[in-house]
Amino acid sequence: MKFNQIELEQVAGFKSQWPAENLEEIAFVGRSNVGKSSFINAFLGRKNLARTSSKPGKTRTINFYNIDNKFRLVDLPGYGYAKVSKAEKAKWDKLINEYLHDRENLKEVFLLVDIRHEPTALDVQMYDWIIDSGFTGFVIATKYDKISKNKLSKHIKAIKNKLNINDEGLIFAYSSENKHNLSVINEQVEVIVNN
Ligand code: GTP
Ligand code: MG
């Protein structure tokens, strides 16, 4: 899928700032620092449209990217970042959960996990929610450039087992460094958007 016009349509710290539910949305969720914003940049072919940081907790709002007025990609804050005040954590969790539960035009949710680590209890909880909500259950296993290729199947199996996934085809090993599997995920998004 190719796009012409990409716009950061809205940065929302509150529900009242969400754009109208007139376009379908695809959201990316996962732990702080897993690479959600980096993925969105790579997907959109823009280096710095979504702000990223080596420090967890960079994205603190819900950011809506409008693609050709056809659909939106949604970048969310991360969860599970320990080094943040309870109040701040509660605020981000509220933002994330409110969006996921209330958004009527939410078409698909991708879970991002770090390929190097076994998914956490919060990842399992999020993935269970994704499946229970009727979404497909796609997983993007980021930072594939950080493991050796001969360890790939071991890491994929760990993710598959922990998240209780039957179909390994739902898991994409991915790297924002070398864009491994980006075209495959792009094709998958195209299917979702045209479906
Ligand atoms: P929050 O907004 O804090 O929730 O984080 P995020 O999930 O949006 O992560 P972000 O995209 O900001 O990336 C976090 C850090 O990981 C940055 O330093 C990125 O450069 C790095 N990073 C993201 N994806 C990859 C990847 O595939 N490979 C490598 N090596 N680094 C990555
Ligand atoms: Mg981010």
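**A walk around ligand 1 and its protein chain**

Let us start at the ligand: an oxygen atom of ligand 1 lies 3.0 Å from a polar side-chain atom of Ser 37, a polar contact in the sense of a pair of N or O atoms within 3.5 Å. This is a predicted model, in which local features need pLDDT of at least 70 and side-chain atom pairs count only at pLDDT 80 or more, while totals for chains, interfaces and linings use all residues. Residues are numbered from 1 along each chain as its sequence is written, ligands are numbered from 1 in the order in which they are written, and side-chain values use heavy atoms, without hydrogens and water.

The backbone takes part as well. A polar backbone atom of Ser 53 is 3.2 Å from an oxygen atom of ligand 1, and for a backbone N or O atom of Gly 57 the distance to a ligand oxygen is 2.7 Å. Of the 650 Å² of accessible area that ligand 1 has on its own, the protein covers 89% (areas by the Shrake-Rupley method with a 1.4 Å probe).

Who are the neighbours? Ligand 1 is surrounded by 22 residues, the closest being Lys 36, Ser 38, Gly 57, Asp 145 and Ser 176; a residue counts here if one of its heavy atoms lies within 4 Å. This shell holds 2 nonpolar, 13 polar and 7 charged residues, with Gly counted as polar and Asp, Glu, Lys and Arg as charged.

Now step back to the whole chain. It has 5 helices and 7 strands, taken as DSSP runs of at least four residues for helices (H or I) and at least two for strands (E). Along the sequence they follow the pattern β-β-α-β-β-α-β-α-β-α-β-α. The C-alpha trace spans about 45 × 40 × 30 Å along its principal axes.

Lys 143, in the loop between strand E6 (139-142) and helix H4 (152-163), has a positive phi of about 65° although it is not a glycine. Asn 164, in the loop between H4 and strand E7 (171-173), is also a non-glycine residue with a positive phi, near 60°.

Note on methods:
Polar contact = N/O pair within 3.5 Å; in protein donor to acceptor, adjacent residues only side chain to side chain.
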